[in-house]
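Please look through the sequence and the structure below.

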Amino acid sequence: MQNKLVRIFTISSGILFLATAIAKVVSSFGSARILQNPDPILMMSFQHVFWIVGAVELIVAIFCFFDIRCELQASLVAWLATSFLIYRLGLVWIGYHRPCSCLGNLTDALHIPPQAADTAMKIILAYLLLGSYATLFWLWQEKRKTALVTPSEKPAVSAS
């Protein structure tokens, strides 16, 4: 049952990363002025940030869909989600109070208020963080249980 939950989590994480990667890349080719503005943390244009982050999200999504190593998948999700959390904390630290432009100008095209999109992205971030760290903890516990059950010492070899 837990392996099934882990698989559901990694696939859903892949879907979320794929969706946000597509939103970023599509938005980066738009003509909105904000794309030329520098990101307040990374100090490069939002357009370049969208390209880079969209590519990273796409790579993590591919691992979530096609790799069979649950620990690697959960680690990548945890790493990227933690990076997003640190970025958001950085925005708070510098006093940046506008909604995160995580989805680019796609929210405008879909007539989604920026604050609603920002709240949705915070919920998704919480899901990715909690799910990935819970998965890693569960996998660690399972590995520990297996190590305790399996004898670690080699049997003595008789000299005959």
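Lys122 and Asp118 both sit in helix α5, which spans residues 114-149, and they are four residues apart, about one turn of the helix. In this predicted model, the two residues form a salt bridge whose closest N and O atoms are 3.4 Å apart. Asp118 is buried at a relative accessible area of 4%, a value under the 20% cut-off. Lys122 is partly exposed, with a relative accessibility of 43%.

The side chains of Arg88 and Asp118 are joined by a polar contact of 3.0 Å, and Arg88 belongs to helix α3 (residues 70-93). Arg88 is buried, its relative accessible area being 14%.

How many salt bridges does a search of the whole structure find? The search finds six. Side chains of opposite charge can pair when their charged atoms come close.

| Salt bridge | Closest N and O atoms |
|---|---|
| Lys24 and Glu57 | 3.2 Å |
| Lys122 and Asp118 | 3.4 Å |
| Glu142 and Lys145 | 3.5 Å |

Lys24 forms its salt bridge with Glu57. Lys24 is in helix α1 and Glu57 in helix α2, so this pair ties together parts that are 33 residues apart in sequence. Are these two residues buried or exposed? Lys24 is buried, with a relative accessible area of 6%, and Glu57 is buried as well, at 2% relative accessibility. Glu142 and Lys145 both lie in helix α5, three residues apart, about one turn of the helix. Glu142 is partly exposed, with a relative accessible area of 28%.

The chain as a whole has five helices and zero strands. Its pattern along the sequence is α-α-α-α-α. Among contacts with a separation of 6 or more, 68% are between residues 24 or more positions apart. Ile59 is part of helix α2 (residues 46-66) and is partly exposed at 47% relative accessibility.

Of the 160 residues in the chain, 34% are buried. Ser13, in helix α1 (residues 2-28), is one of the buried residues, with 0% relative accessibility. Leaving aside residues up to four places away in sequence, Ser13 touches Cys64, Val77 and Leu128. Cys64 is buried too, at 0% relative accessibility. Cys70, by contrast, is partly exposed, with a relative accessible area of 27%. A disulfide is a covalent bond between the sulfur atoms of two cysteines. The structure holds zero disulfides.

The accessible surface of the chain is about 10,400 Å², and 71% of this area belongs to carbon and sulfur atoms. Which residues make the nonpolar surface patch of about 910 Å²? The patch is made by Val25, Phe29, Ile41, Leu42, Met44, Trp51, Ile52, Trp93 and Ile94. Of these, Ile94 lies in the loop between α3 and α4. Ile94 is partly exposed, with a relative accessible area of 44%.

Note on methods:
Residues are numbered from 1 along each chain as its sequence is written. This is a predicted model: local features need pLDDT of at least 70, side-chain atom pairs count only at pLDDT 80 or more; totals for chains, interfaces and linings use all residues. Side-chain values use heavy atoms; hydrogens and water are left out. Helices (H or I, at least four residues) and strands (E, at least two) are DSSP runs, numbered from the N terminus. Buried means under 20% relative accessible area, exposed over 50%, partly exposed in between (1.4 Å probe, protein chains only). A polar contact is a pair of N or O atoms within 3.5 Å; within protein, one must be able to donate a hydrogen and the other to accept it, and residues adjacent in sequence count only if both atoms are side-chain atoms. A disulfide is a pair of cysteine sulfur atoms within 2.5 Å. Contact means heavy atoms within 4.5 Å. Accessible areas come from the Shrake-Rupley method with a 1.4 Å probe; for residues, only the protein chains shown count as cover. Patches are made of residues with over 30% relative accessible area and no salt bridge: like charges are joined within 9 Å, nonpolar side chains (Val, Leu, Ile, Met, Phe, Trp, Tyr) within 5 Å. A salt bridge is a side-chain nitrogen of Lys or Arg within 4 Å of a carboxyl oxygen of Asp or Glu.
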